[in-house]
Amino acid sequence: KVYPLIHLAKERGHSFRVLATGQSVENFLMQYRDFQLPEESLGWLNRGADLEKSSAALRWFLRSLFTSKKNIRSHLANGSGPAYIVVHGDTLSTLLGASFGRRCRIEVVHIEAGLRSPSLFSPFPEEITRRLVSKLARVHVVPDERARNNLERAKVRGSIVSSHGNTLMDAVRFGTKIGADLPKSGFAIANIHRYENLNSTTRWPAIVSTLVKTAAKTPIIMVAHPQTRHKLAQDSQSMEQIKNSRIEIRERMPFTEFIRLLDACDFLVTDGGSNQEECSYLGKPCLILREETERTEGLESCCVLSKFDEEIIARFLRDPQQYKGTLAPAGLSPSVHVMNFLETHA
């Protein structure tokens, strides 16, 4: 979601560094190269395999969190150092970047700021991350007025700036412009990867059951994240159910390839918030297998929050096309709004 910003920084002649935390090394490199970004501007805090288990994620986070200030600064730009540290969203890497900025006394810009769910622990740990980052950032870039209102109620310190949409919109536009043959329609995509679902003794079986029932009517391409692969390797019963249904498991793919696949599919079944946004921009029917979502995009049109309610799920799957929406209108890109602000206030 920050890749369009990096493109703009390069086009406008700004110096920058991209600090990769090592949270998802293989996937990060694949996506970074997919967007044709300069590897000479890339620095690594940690290198290793993509994290498969929540215990491994915790160990990586704690090790990274206590990185020395000297080590952090060695990865940053030369000379007087950067004007800003830019972080995005609600991952553990977002929290690391914000904490590095605070420790090194570099102003932190949080893009996609102000998203909130009703519960501190749902989604976990994303909701906690968002609230902590809002304490550390001094420039809060909000996608909409709802996010602005959330931050104003929380009385955050610093500036609240509107990007007039999410920078993900620019990434989706980039992906759909790449020239390539699209697959034939007549299939669905499943993207399930949240630890809170994979580790649940009730939600995970419900998700597998939903996918198997769906595949009986519509073939599914299931995009498997490392943690999902690990779960299936541990759960032979679920793996057998999937193998015996019309579900094809594919490895994670470059973003532009996924967007083209999403653009061609009939509908998406997911537990990811970014997928919800992507579907809202493309007008693609989307079933969200979560109790809650902090995002509003698409909820009044093509995206359905299931709350794991069997009736809501069944109603969507009976006729997903009833939820088909329209493409997001063209307009000034959110990334341009962000870059214009940074240039003016650097």
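This is a predicted model: local features need pLDDT of at least 70, side-chain atom pairs count only at pLDDT 80 or more; totals for chains, interfaces and linings use all residues.
**Helix packing**

Two packed helices are described by the angle between their axes and the distance between the axes. On the H1 side the contact involves Pro4, Leu5, Leu8 and Ala9, which meet Ser335, Val336, Val338 and Met339 of H16. Sorted by class, this contact of H1 with H16 has seven nonpolar residues, one polar residue and no charged residues.

A second pair is formed by helix H5 (residues 92-104) and helix H6 (residues 126-136), whose axes come within 9 Å and cross at roughly 20°. H5 and H6 are therefore roughly parallel to each other. The crossing of H5 past H6 is left-handed. H5 contributes Leu92, Thr94, Leu95, Ala98, Ser99 and Arg102 to the contact, and H6 contributes Thr129, Leu132, Val133, Lys135 and Leu136. The classes here are six nonpolar, three polar and two charged residues.

Isoleucine 128 is also found in H6. Isoleucine 128 is partly exposed, with a relative accessible area of 24%. Not counting residues up to four places away in sequence, isoleucine 128 touches Leu120 and Phe121.

**Nonpolar cores**

The largest nonpolar core has 37 residues, and those with the most contacts inside it are Phe28, Leu42, Ile189 and Leu262. Helix H13 (residues 255-264) gives the most to this core, with six residues. A second, separate core has 26 residues, among them Ile242, Leu287, Phe308 and Ile313.

Which residues does isoleucine 189 contact, leaving aside its neighbours within four places in sequence? The contacts are Ile220, Ile221, Val223, Phe258, Leu261, Leu262, Cys265, Phe267, Leu268 and Val269.

Val223 is also in contact with glutamate 251, as are Ala224 and Arg229, again leaving aside neighbours within four places in sequence. Glutamate 251 is placed in strand E9 (residues 247-251). With a relative accessible area of 47%, glutamate 251 is partly exposed. Between glutamate 251 and arginine 105 there are 40 Å in space, C-alpha to C-alpha, and the two are 146 residues apart in sequence.

**Backbone geometry in the loops**

Most residues other than glycine have a negative phi, and most peptide bonds are trans. The table lists the backbone departures from this pattern that are treated here.

| Site | Feature | Value |
|---|---|---|
| Serine 122 to proline 123 | cis peptide bond | omega near 0° |
| Phenylalanine 124 to proline 125 | cis peptide bond | omega about 5° |
| Glutamate 112 | positive phi, not a glycine | phi near 70° |
| Histidine 164 | positive phi, not a glycine | phi about 55° |

Proline 123 is found in the loop between strand E4 (107-111) and H6. Proline 125 lies in the loop between E4 and H6, and the place of glutamate 112 is in the loop between E4 and H6 as well. Histidine 164 is placed elsewhere, in the loop between strand E6 (159-162) and helix H8 (168-177).

Definitions and conventions. Residues are numbered from 1 along each chain as its sequence is written. Side-chain values use heavy atoms; hydrogens and water are left out. Axes are lines fitted to C-alpha atoms, for helices over the stretch in contact, and angles run from 0 to 180 degrees between N-to-C directions. Helices (H or I, at least four residues) and strands (E, at least two) are DSSP runs, numbered from the N terminus. Angles under 35 degrees count as roughly parallel, over 145 as roughly antiparallel, 65 to 115 as roughly perpendicular and the rest as oblique. A crossing is left-handed if the near helix is turned anticlockwise from the far one by less than a right angle, and right-handed if clockwise. Contact means heavy atoms within 4.5 Å. Ala, Val, Leu, Ile, Met, Phe, Trp, Tyr, Cys and Pro count as nonpolar, Asp, Glu, Lys and Arg as charged, and the others, Gly among them, as polar. A nonpolar core is a set of buried Ala, Val, Leu, Ile, Met, Phe, Trp, Tyr and Cys residues joined through side-chain atoms within 4.5 Å. Buried means under 20% relative accessible area, exposed over 50%, partly exposed in between (1.4 Å probe, protein chains only).
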